[in-house]
Amino acid sequence: MAIFEKRPSRALASAVVLAALATATIAGQSRPSGTRAMPRTPWGDPDLQGVWSIATITPFERPGALAGKQVLTEEEAAELEKTNLTTNNQDRRDGAGTDADVARAYNDFWWDRGTKVASTRQTSLVVDPPDGRVPGLTPEGQQRAAARAARGYDSWEDRSLWERCITRGLPMIPGPYNNNYQILQTPGYVVILHEMIHDARIIPLGGQPHVGQNIRQWFGDSRGRWEGETLVVDTTNFSEKANYRGSTDRLHLIERFTRVNADTVKYEFTIDDPTTFTRKWTASIPMSHTDEQIYEYACHEGNYGMVNLLSGARVQEKAADGK
Amino acid sequence: MRPRLRLAIVAAGAAIGLAVLSFAVMPTAGQAPAGGQAPAGYKASRSPFKDGKPDLNGIWQANNTANWDIQGHAARQGPILELGAAFSVPAGLGVVEGDEIPYQPWAAAKKKENAANWLKLDPEIKCYMPGVPRATYMPYPFQIVQTPTHVLMAYEFASASRTIYMNSKDESPADTWMGWSRGRWEGDTLVVEVNAFNGETWFDRAGNFHSDALRVVERFTPVSRDVLQYDVTIEDPKVFTRPWKMSMPLYRRIEKNAQLLEYKCVEFVEELMYGHLRKKTK
Amino acid sequence: MRILLSALVVLSLCATAPVRAHHAFAAEFDAKKPIKLEGTVTKVEWINPHAWIHIDVKRSDGTVEKWMIEGGTPNTLFRRGVNKNSLPAGTVIIVDGYQAKDGTLKGNGRDITFPDGRKLFIGSTGTGAPGDPQQPPPK
């Protein structure tokens, strides 16, 4: 190129560099085909940005009928997806007039349970222990679980954090709706926006120490670092109220995010809580790219459900007392 | 004179001249620069996305009493006797340009009613999302995470947040608490237009309010390494007779390892909101 | 193989839901108090996880009852192209559901349709109608 024949002016050199970086930036933010190199941010970190859905019909734990089977065949996966459309369709009205029909709650168009198995065709989201089941609870853990199961409708404190519109917390688990997450990155932070219940999870990457032991949070305290292509997030300082499947403030959560292709981020989390589970365990959930976006999730601002739950229980108690 | 010495004197002269120039346009201490003008010569560092835009990333916080009352006000007694001086209203110079909020007559009366029934009516008390611009000047830090396509502002209060869609024409599907934000750059100023409010939020604890016709235009301008100038224009034809403005600096939280912590206040207000429905123990 | 997969589907139904019911609908609404209402929409609260549709129901004696009907997550609908203009005030809808246990004029919108039988927001499901989320992929 002619510009290199003599000493280039500073301005021209900057323009060339800027143009090259602009191209790199655009490439970094587009969705490359599977054969190209993994996308990178302009400062060279793996690029996890985008909106991702974790909706899937793959069950969390491996069903007994599939014991020993780690992966479905393509035919089995297709069959499951087809059958799921009818069995999981909320428009079915068999059992009208029963609690089961009330529990299905609404027409199918309101739900987002997913229609596909995980692209890996794994038979469960739990991948360790190898039987695909959550390990047993410690005696302490069992006691706490029994106490929780016994709670009813006396007070909002008896209800789940979701019904109270407090948080859905961590880790990220597929549910019947709002399975969408948005990831944004800067050199110092990775941010994961949880649509439900409007949480902006900000993960510092700068090697800062965790906050002091006396600070306990619903989302704990997270620190992230890059290990090759994988973002490893270490979270401690959970409040004991955070209660993931019964976990306590001893929960140590380790998450790994790896972009495996243009359309998929592999999300793996390990639960380490010796006060609750008899061993560490891990689940692996694919996050699928979506062109959709995150919307506001105003929950507490209109939590008629809590009022209805509690007043309904009070009315029933009165009726039972024969007053 | 030796060439190097001459060069040194010229350079020194230029530096002094430049410094004098900077001081000349520096705003008087205590006065917000009008219209978000950065002092001549200040240029913020650029975004790591290399798009040529200023880098607004960081943790920021307003430092005034606007959340109590956006207009100029003297100190006054708080609503809870037992909290005494710990929770009475501190004075403030006000952040409203001209110190006047141009309410329509019906709305001026409604504002007075709001102020008189503050404990019952202020959505902040129930830990409801505070809306924009109130979220900016509540007494908690907020964090800006900036990419070319999305600028996130995450607030500590109630874990509220909003995403500013850059250079977007998308519309909100429904009315919301935090509004729908669309942004663009004008030079080094981030200009944000916010609409699709549901009309449920207030501007402060003094009862200043709006309707679902609210439209907000914000301007964030870096004026020094650790200060953003924040100017907001409020427009609501259902409530006000004309648009009006607020203006204030936002200060960077420069502590080492500064981070947002949680203020998930829902659990602090459940007793207040649902206590009457709790099962009475005999 | 078929039996195995049916079992898998049944088990997956149980396994995908969180360990405790995410929301005790049966605690809010009474299976023994079914309702079928025809009403005119006055307002929609597009909040999560339940939208609330306010309707005026005219009784045979001429009185107007103001009901609140609980729906699902509006964000799911927004992603399908629905917005606040999709259910404007004045629209007539039929609600087939259950009344609140506390006896107030609230119900869950178990099945919401237009008077002509079409499902709200989306056309009838399962028939491959445009916008039908249950439409199986073309073979």
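Predicted model: local features only at pLDDT ≥ 70, side-chain atom pairs only at ≥ 80, totals over all residues.
**Chain A and its interface with chain C**

Of the 323 residues in chain A, 54% count as buried. The secondary structure of this chain comes to 5 helices and 10 strands. As for how the chain packs on itself, 60% of the contacts between residues at least 6 apart in sequence join residues at least 24 apart.

Turning to the partner chain, 71 residues of chain A are in contact with 61 residues of chain C. Together the two chains bury about 5900 Å², and carbon and sulfur atoms account for 58% of it. On the chain A side, A:Y106, A:F109 and A:W110 stand out: they supply 15% of the area that chain A buries against chain C, more than any other three residues.

On the polar side of things, 13 residue pairs are in polar contact between chain A and chain C, with both residues at pLDDT 80 or more. The salt bridge count between these chains is 1. It pairs A:E195 with C:R79, and the closest N and O atoms lie 2.6 Å apart.

Several helices of chain A take part in the side that touches chain C: α2 (74-87), α3 (99-104) and α5 (304-320) each supply at least two residues. Of the contributing elements, α5(A) gives the most, with 8 residues. Sorted by class, this side of chain A has 29 nonpolar, 21 polar and 21 charged residues.

Definitions and conventions: Residues numbered from 1 in each chain as written. Chains lettered and ligands numbered in written order. Heavy atoms only, no water. Contact = heavy atoms within 4.5 Å. Buried area = accessible area lost by both parts, 1.4 Å probe. Salt bridge = Lys/Arg side-chain N within 4 Å of Asp/Glu carboxyl O. Polar contact = N/O pair within 3.5 Å; in protein donor to acceptor, adjacent residues only side chain to side chain. Helix = DSSP H or I, 4+ residues; strand = E, 2+ residues; numbered from the N terminus. Nonpolar A, V, L, I, M, F, W, Y, C, P; charged D, E, K, R; others polar. Buried < 20%, exposed > 50% of the residue type's maximum accessible area, 1.4 Å probe, protein only.
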